[in-house]
Amino acid sequence: MKHITILLQTILAACFLFFSLNSSFGADSKYPFGLLMVGPSNDHGWSQAHFEAGKEMEKIFPGAEMIYIDKVNPADRPGITIPMLVDDLVSKGAKLIIGNSDDMKDGMREASMMHPEINFIHISGDDVITGKSGVNLSNLMGRMTYGKMMAGFTAAMSSQTGKIAYLGPLINAETRRLTAAAYLGARYAWTKIRKKDPADLKFKISWIGFWFNIPGVTSDPTLVAGSFIDSGYDVIISGIDTTEALVVAGQKRKGGKDVLAIPYDYKNGCSSAPEACLGVPYFNWVPGYTRLIGNSMTGKWKQEFLWLSPDWKSINNPKTSPIGFKTGDGFDEKNRKALTDFQASLADGSLKLFTGPLNFQDGTVFLKDKVSATDEQIWNLPQLLEGMGGASK
Amino acid sequence: MTSSLGIPRFIIITVPALGVVSLLLLSLGISPLTIAITLARGSVLSWLKFNHVLSVWIPLLLCSCGLLFTFRAGLWNIGIEGQVVCGAIGATLVLRLGNTYLPAAMLLSLSFLSAFLAGGVWGALAGFLKNRGGVNEIFGGLGLNFVAQGAILWFILGPWKREGMASMSGTDLFARELWMWVPRGWRTAPAALILTVTVFLFTAFILSATRFGLKIKAVGLNPKASRLFGINPDLTGFTAMIIGGGLAGLAGAVQVSCVYHRLIPSISSGYGYLALLIVMLANYKVTLTPIICLLFACLTAGSIQLPITLQIDSSLSGVIQGTLVLSGLLAHGLQQRRLLRKGS
């Protein structure tokens, strides 16, 4: 009996040793990285754009393996916090972790301090500028101000009533910056291309309170979009992560209303209601991820704040351009040349829409005549601009 | 605690419940064994993961202790969610005074006291509505839950909103010194753990070894008969609601000071409603409650493994929890009926 016990113990120990060695050998050739997404991975918006870029990393870098968790927000995952999830991803071998929401800022900062050996990418934050994080955390964002300018331009070129609505998420510097960019694009098209009176352009923002609908907590984006259309707004620009604005516009079109919408975030964002879609400004996270993950994999990681411009030579190039704009079926081809010229002016720098004279919403001066805003002024825009309707803070 | 066959009643209830859950999973094409292993790996197989379980277990047990008082008094305290929320608001109110001359430890202590008072007042309101307004505590509690939810949204978007922001993300983080101390390698504050165990022992002692506990039991069993012994059922029930609300308020304080370090709209994490299921599954027994809390905490903390490891939506753990409770209650009901038949 004693011999059998010893034999069994030996076999057990050998198995344990074999599996341990096997798993450690396997781990060396792999590079697992984690992706925490605030919304569902198939939201046709913000999170799906990240998910697909993560999948692309697995193709670009041999050995890279994405471990992802979606719906990372307190409403969908009560009691689960970012540091908890990071602990878990690290225990699974993740060497780099991406958090894709402004809402994760505090948690990412805390987790990056708990795990100094892991590299972190926080999307849309600015801890690197403010110096609140350690060197193992970088920030990544695309210059979506250009995409929103194109959205605003297209909206104003297409609007019959001159009433453009913006379905806003929550209010912060990022969303103020993007809505202001959309407004400036719309105002340019309305006054410079269509030669209309600026007083006839109505640009209204309603904020729902978060990046997507949380029943009982946020305003319902479907109801807000419907209310816009019922109030005479004929183009809705979406600033939220999901597609309600476009879906509602599609339904209203079927009901005979001549309304259009511009979704956000995801290159195939028009697919929910193509006939009602004017176009979509979208993020392509592949270039940014490639740079940061590549650096991490090759041991060349350094803390960076990346606010990446479009590849102006080809803004819809999936390998090189972090920002893109695709027109939809609702786009009138007679406006094509105007849009192309507009994009070319932005590309060569001859058109800088954040240039004075510009006032803030409360009437105070933002930029004096012929003065262009610095990156810092645009990034930290403290108020909406004069001419925009909606809350600034 | 044992059946006529000598098998513990807990086993008689949980084994069929687990059987039903297994059948449900099999019908969905999912191996129950795989799910069990995944949940176990995600909850108890490392110290860090067990810490995550504890961070769920603590507020769950605090809520459950509160419910033991009210259930024992024959009251369905559905308003416990609102009491957790009010506790969180009460704690935040104190913690936002972080720049005063009071030391951090004192502010933290005061925040827990404030949370207990806020939760207790919310519980008292439900009790008052029942005693004076004739509003059943279920409907009163539900209404008060909505009011509490409205209040927390108002605070977050109104007076306590972040500088230059209007977001449902929550308030600013509290100053670092106002986070409850967590040792290196831990993820749970030992002070919160000690507080919770103390509250549990206090609950067990009050309910089983004091005159007040006996009064509550008498009121719960038969309010009319209790009057014959000089007990005021309204006052006793009212007191139970205050204590229950206060303990739920402490759960809210743990959520803001130990877990999120700020006030967020879904600060209760649904623990109040989950605690209702736990106490029912425990058959209102004090001793079983922490064990079932631990099981449910494992399910909650471990559920995150489902999407990571198996690409299954983690809401499945909610289905498992609900099915466990329903099956457990059904098994318990059938067993009671069988015993009654035997008796007659």
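Predicted model: local features only at pLDDT ≥ 70, side-chain atom pairs only at ≥ 80, totals over all residues.
Residues are numbered from 1 along each chain as its sequence is written, and chains are lettered from A and ligands numbered from 1 in the order in which they are written.

- Helices (H or I, at least four residues) and strands (E, at least two) are DSSP runs, numbered from the N terminus.
- A residue is buried if 20 or more other C-beta atoms lie within 10 Å of its own, exposed if 12 or fewer, and partly exposed in between, with C-beta atoms placed from the backbone.
- Two residues are in contact if their C-beta atoms, placed from the backbone, lie within 7 Å.

**Helix H6 of chain B**

- H6(B) covers residues 137–157, and its end C-alpha atoms are 30 Å apart, which agrees with the 30 Å that its 21 residues should span at 1.5 Å a residue. (The expected span is 1.5 Å times one less than the number of residues.)
- Its buried residues are B:Glu137, B:Gly140, B:Gly141, B:Leu144, B:Asn145, B:Ala148, B:Ile152 and B:Ile156.
- Look down the axis of H6(B) and those buried residues fall within an arc of 145°, so they line one face of the helix. (The arc is that of the directions from the helix axis to the C-beta atoms.)
- Here's the general idea: an α-helix has 3.6 residues a turn, so residues three or four places apart point the same way.

**Chain B as a whole**

- Chain B has 14 helices and 0 strands.
- With a radius of gyration of 21 Å, close to the 20 Å that the globule rule gives for 344 residues, chain B is as compact as a globular protein of that length. (The radius is taken over C-alpha atoms, and the rule is 2.2 Å times the number of residues to the power 0.38.)
- The C-alpha trace of chain B spans about 70 × 60 × 30 Å along its principal axes.
- Of its 344 residues, 49% count as buried.
- Take the contacts in chain B with a separation of 6 or more: 75% of them are between residues 24 or more positions apart.

**Two domains in chain B**

- Chain B splits into domain 1 (1–42 + 304–344) and domain 2 (58–302). (Domain bounds come from an automatic or database domain assignment.)
- The C-alpha centres of these two domains of chain B lie 27 Å apart.
- Where they touch, domain 1 of chain B puts in 13 residues and domain 2 of chain B puts in 11 residues.
- On the domain 1 side, helices H2 (32–41) and H14 (316–343) of chain B each supply at least two residues, and H14(B) gives the most, with 8 residues.
- By class, that side of domain 1 of chain B has 7 nonpolar, 6 polar and no charged residues. (Ala, Val, Leu, Ile, Met, Phe, Trp, Tyr, Cys and Pro count as nonpolar, Asp, Glu, Lys and Arg as charged, and the others, Gly among them, as polar.)

**Where the chains meet**

- The contact takes 25 residues from chain B and 31 residues from chain A.
- On the chain B side, H3 (47–72), H6, H10 (233–260) and H13 (305–310) are the elements that give two or more residues.
- H3(B) gives the most to that side, with 3 residues.
- The chain B side divides into 14 nonpolar, 11 polar and no charged residues.

**Chain A**

- Chain A has 12 helices and 15 strands.
- The radius of gyration of chain A is 24 Å, close to the 21 Å from the globule rule for 393 residues, so chain A is as compact as a globular protein of that length.
- Of the 393 residues of chain A, 51% count as buried.
- Chain A is divided into domain 1 (26–142 + 286–308) and domain 2 (145–282 + 325–389), with C-alpha centres 29 Å apart.
- The contact between these domains takes 13 residues from domain 1 of chain A and 17 residues from domain 2 of chain A.

- A:Leu178 lies in helix H7 (residues 173–193) of chain A.
- A:Leu178 counts as buried because it has 25 C-beta neighbours inside 10 Å.
- Leaving aside neighbours within four places in sequence, A:Leu178 is in contact with A:Met144, A:Thr145, A:Lys148 and A:Gly239.
- A:Leu178 and A:Gly239 are 61 residues apart along the chain, and their C-alpha atoms are separated by 8.2 Å.
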